[in-house]
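Reader: I have a model open and want to learn how to read it. Please take me through the sheet, the core and some single residues.

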Amino acid sequence: QVQVVESGGGLVQAGGSLSLSCATSGLTFTNYVMVWFRQAPGKEREFVGAISRSASVTNYADSVKGRFTISRDNAKNTVHLQMNSLKPEDTALYYCAADPKISRYVTSQSENEYNYWGQGTQVTVSS
């Protein structure tokens, strides 16, 4: 049984930092592109960042580029999202998801391509 579990969310002041983690089990982690999405109240879920199987390719939404960094630890089946210079508009429920890919050097920003999702972790940034 595949499990995807996010952790690390919380309340932080604007300008602060948080580090999210996503632990997986029940899948061959190195076969999967990993992604972070987020959903703010009353809004649609949106892409945040993705990392390829090899970790050599990363993509970010324009709104977080330069502030957020996605990384993966293939030995621990875990993906991380380091969030710096947080803004109130970063407040959302953050989801991790996994998508199997043949290529080790591609990612995807399409929500529909991701098979396995976690339950999300809440990030709240106060002004």
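Author: Four strands make an open sheet, ordered β1-β3-β8-β7, with antiparallel pairing. β1 (3-7) and β7 (68-73) are the edge strands, each with a single partner, so one side of each has no neighbour in the sheet. The twist averages 15° from one strand to the next. This is a predicted model: local features need pLDDT of at least 70, side-chain atom pairs count only at pLDDT 80 or more, and totals for chains, interfaces and linings use all residues. Residues are numbered from 1 along each chain as its sequence is written, and side-chain values use heavy atoms, with hydrogens and water left out.

Reader: What counts as a strand, a pair and an angle?

Author: Strands are DSSP runs of E, at least two residues, numbered from the N terminus. Two strands pair if DSSP finds at least two bridges between them. Angles run from 0 to 180 degrees between N-to-C directions, with axes fitted to C-alpha atoms.

Reader: How many bridges join β3 to β8?

Author: Six bridges join β3 (residues 18-25) to β8 (residues 78-83), and the two run antiparallel. Cys22 has Val79 in β8 as its bridge partner.

Reader: How do I read a nonpolar core?

Author: In soluble globular proteins, nonpolar side chains tend to be buried together. A core here is a set of buried Ala, Val, Leu, Ile, Met, Phe, Trp, Tyr and Cys residues joined through side-chain atoms within 4.5 Å. Buried means under 20% relative accessible area, with a 1.4 Å probe and protein chains only. The largest core has 35 residues; among those with the most contacts inside it are Trp36, Val79 and Tyr94. Elements giving two or more residues to this core include β3, β5 (46-51) and β9 (92-100). β4 gives the most, six residues.

Reader: Is Val79 buried or exposed?

Author: Val79 counts as buried because its relative accessibility is 0%. Touching means heavy atoms within 4.5 Å. Not counting residues up to four places away in sequence, Val79 touches Phe29, Met34, Trp36 and Cys96, among others. Val79 and Ser21 are 58 residues apart in sequence, yet 5.9 Å apart in space, C-alpha to C-alpha.

Reader: Where does Ser52 lie?

Author: Ser52 lies in the loop between β5 and β6 (58-60). Ser52 is also buried, at 0% relative accessibility. A polar atom of its side chain lies 3.4 Å from the backbone nitrogen of Ser56. The side chain of Ser52 also reaches the backbone oxygen of Arg104 at 3.4 Å.

Definitions and conventions:
Buried means under 20% relative accessible area, exposed over 50%, partly exposed in between (1.4 Å probe, protein chains only). A polar contact is a pair of N or O atoms within 3.5 Å; within protein, one must be able to donate a hydrogen and the other to accept it, and residues adjacent in sequence count only if both atoms are side-chain atoms.
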